[in-house]
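Take a look at the fold below. Keep the sequence beside it as you read.

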Amino acid sequence: MSEINWQKSSYSGGGGEQCLETAKVAGGILLRESDDPGVIVKTTPENLAAFILGVKNGEFDHLIG
């Protein structure tokens, strides 16, 4: 099994906690939270792109405000 190269946003907290990390693997995209790295969600690039567009359009603002 090859090593997974996780990436987190440059906007993440200074200590590295509370970060959403992503990784591209064969067959999809993996997502996890840095404070609970054992829980991993797999999705497709298309579904992730649709979600990101929704975030950019403010569709999920009610979840954080």
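The paragraphs below go from the overall fold to the sheet, then to the helix and its surface.

This is a predicted model, in which local features need pLDDT of at least 70, side-chain atom pairs count only at pLDDT 80 or more, and totals for chains, interfaces and linings use all residues. Residues are numbered from 1 along each chain as its sequence is written, and side-chain values use heavy atoms, with hydrogens and water left out.

Start with the outline. The chain has 1 helix and 4 strands. Helices (H or I, at least four residues) and strands (E, at least two) are DSSP runs, numbered from the N terminus. Along the sequence the pattern reads β-β-β-β-α. The C-alpha trace spans about 40 × 30 × 20 Å along its principal axes. Of the 65 residues, 20% count as buried. Buried means under 20% relative accessible area, exposed means over 50%, and partly exposed lies in between (1.4 Å probe, protein chains only).

Now the sheet. The 4 strands make an open sheet in the order S1-S2-S3-S4, with antiparallel pairing. Strand S1 (7–8) and S4 stand at the edges with a single partner strand each, so one side of each has no neighbour in the sheet. Two strands count as paired if DSSP finds at least two bridges between them.

Follow S2 into S3. These two strands pair in the antiparallel sense over 6 bridges. Their hairpin has 2 residues between the strands, and Gly 27 takes a positive phi near 85° there. Leu 20 stands opposite Glu 33 in S3. Glu 21 stands opposite Arg 32 in S3.

That last pair deserves a second look. How many salt bridges does a search of the whole structure find? The search finds 1. A salt bridge is a side-chain nitrogen of Lys or Arg within 4 Å of a carboxyl oxygen of Asp or Glu. Here Arg 32 pairs with Glu 21, and the closest N and O atoms are 2.5 Å apart. Arg 32 lies in strand S3 (residues 28–33) and Glu 21 in strand S2 (residues 20–25), so the pair ties together parts that are 11 residues apart in sequence. Side chains of opposite charge can pair when their charged atoms come close. Are Arg 32 and Glu 21 buried or exposed? Both are buried. As for strand S3, 5 of its 6 residues are buried, so S3 is largely enclosed by the rest of the structure.

Move on to S4. S3 and strand S4 (residues 36–43) pair in the antiparallel sense over 5 bridges. They form a hairpin with 2 residues between them. Leu 31 stands opposite Val 41 in S4. Glu 33 has Asp 36 as its bridge partner in S4.

H1 has 12 residues and reaches 16 Å from its first C-alpha to its last. That is close to the expected 16 Å at 1.5 Å a residue. The expected span is 1.5 Å times one less than the number of residues. Gly 58 follows H1 and has a positive phi, near 85°.

Phe 51 lies in helix H1 (residues 45–56).

Which aromatic partner does Phe 51 have? A search of the whole structure finds 1 aromatic pair. Phe 51 and Phe 60 form this pair, which is tilted, at 5.0 Å centre to centre and 40° between the planes. Rings of Phe, Tyr and Trp (its six-membered ring) pair if their centres lie within 6.5 Å; planes under 30 degrees apart count as stacked, over 60 as edge-to-face and the rest as tilted. Phe 51 is partly exposed, at 43% relative accessible area. Phe 60 is also partly exposed, at 30%.

Phe 51, Ile 52, Val 55, Phe 60, Leu 63 and Ile 64 form a nonpolar patch on the surface, with about 590 Å² of accessible area together. Patches are made of residues with over 30% relative accessible area and no salt bridge; like charges are joined within 9 Å, and nonpolar side chains (Val, Leu, Ile, Met, Phe, Trp, Tyr) within 5 Å. Accessible areas come from the Shrake-Rupley method with a 1.4 Å probe, and for residues only the protein chains shown count as cover.
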